[in-house]
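Here is a friendly note to read with the structure open beside you. Take the points in order and find each residue as you go.

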Amino acid sequence: MRWQPFLEAVQERGDYPSVPEAERASRVVLALLGAHLVGEERNELAARLPETFALILLNPLQAAEPLSSERFVRAVSAWIEGATEQTAAWDTSAVLSVVADASGEELLQRLLLQLPPGYDLLFGHPSG
């Protein structure tokens, strides 16, 4: 997926008034997500993202342990100035739903296997 369509999709889904806000949310969410993915799946996802976001995903923030989906949202809120847990949940879902579209169903299912339960909802693809 190219840079402009990716950000436009995040902007639309997140109802952001500007592209820079969509970009800020995307950078934070992808940096945190990259810390939770490993191996071939992370590389495959990076190949489907715009180059700048691929580099962020491949050079993530360090995670000491896998975060539950709730703690992931709290971490996003800590990294975005002025964010609350509610706005961070919105930011996370806006970005991850676009990531889900970019990844495709088969890769998304493999990504979800690496993540703790609850991430399927953040990606906008509830299982079962």
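1. **Ser69 and what it touches.** Ser69 touches Pro117, Gly118, Tyr119 and Leu122, not counting residues up to four places away in sequence; contact here means heavy atoms within 4.5 Å. Ser69 is found in helix α5, where helices (H or I, at least four residues) are DSSP runs numbered from the N terminus. With a relative accessibility of 8%, Ser69 counts as buried; the cut-offs are under 20% relative accessible area for buried, over 50% for exposed and partly exposed in between (1.4 Å probe, protein chains only). From C-alpha to C-alpha, Ser69 and Ser26 are 17 Å apart in space, and 43 residues apart in sequence.

2. **How to read the model.** This is a predicted model, in which local features need pLDDT of at least 70 and side-chain atom pairs count only at pLDDT 80 or more, while totals for chains, interfaces and linings use all residues. Residues are numbered from 1 along each chain as its sequence is written, and side-chain values use heavy atoms, with hydrogens and water left out.

3. **The buried side of α5.** Which residues of α5 are buried? They are Ser69, Phe72, Val73, Ala75, Val76 and Ser77. The cover over these buried residues includes α2, α6 (85–103) and α8.

4. **Thr92 in α6.** Now look at Thr92, which is found in helix α6. Thr92 has 0% relative accessibility and so counts as buried. Leaving out residues up to four places away in sequence, Thr92 touches Val29, Phe72, Val73, Val76 and Leu122.

5. **α2 against α6.** Two packed helices are described by the angle between their axes and the distance between the axes. The axes of α2 and α6 come within 9 Å and cross at roughly 75°; axes are lines fitted to C-alpha atoms, for helices over the stretch in contact, and angles run from 0 to 180 degrees between N-to-C directions. The two helices α2 and α6 are therefore roughly perpendicular to each other (under 35 degrees is roughly parallel, over 145 roughly antiparallel, 65 to 115 roughly perpendicular and the rest oblique). On the α2 side the contact is made by Ala25, Ser26, Val29, Leu30 and Leu33, and on the α6 side by Asp91, Thr92, Val95, Leu96 and Val99. By class, this contact of α2 with α6 has seven nonpolar, two polar and one charged residues; Ala, Val, Leu, Ile, Met, Phe, Trp, Tyr, Cys and Pro count as nonpolar, Asp, Glu, Lys and Arg as charged, and the others, Gly among them, as polar.

6. **α1 against α2.** At what angle do helix α1 (residues 3–14) and helix α2 (residues 19–34) pack? The angle is about 95°, with the axes 9 Å apart. That makes α1 roughly perpendicular to α2. Trp3, Phe6, Leu7, Val10 and Gln11 in α1 meet Val19, Ala22, Glu23, Ser26, Arg27 and Leu30 in α2. The residues of this contact of α1 with α2 divide into seven nonpolar, two polar and two charged.

7. **The loop between them.** Asp15 sits in the loop between α1 and α2. Is Asp15 buried or exposed? At 62% relative accessibility, Asp15 counts as exposed. Its phi is near 55°, a positive value in a residue other than glycine.

8. **Aromatic pairs.** Rings of Phe, Tyr and Trp (its six-membered ring) pair if their centres lie within 6.5 Å, and planes under 30 degrees apart count as stacked, over 60 as edge-to-face and the rest as tilted. By this rule the count comes to three aromatic pairs. One of them is the tilted pair of Phe6 and Phe53, at 5.1 Å centre to centre with 45° between the planes. Phe6 lies in helix α1 and Phe53 in helix α4 (residues 51–58), so the pair ties together parts that are 47 residues apart in sequence. Phe72 and Tyr119 form an edge-to-face pair, 5.5 Å centre to centre and 70° between the planes. Ring pairs also link Trp3, Phe6 and Phe53 into a cluster.

9. **The nonpolar core.** A nonpolar core is a set of buried Ala, Val, Leu, Ile, Met, Phe, Trp, Tyr and Cys residues joined through side-chain atoms within 4.5 Å. Of the 43 residues in the largest such core, Leu30, Leu33 and Phe123 touch the most other members. Leaving aside neighbours within four places in sequence, Leu30 is in contact with Phe6, Leu49, Phe53, Ile56, Leu57, Val95 and Val99.
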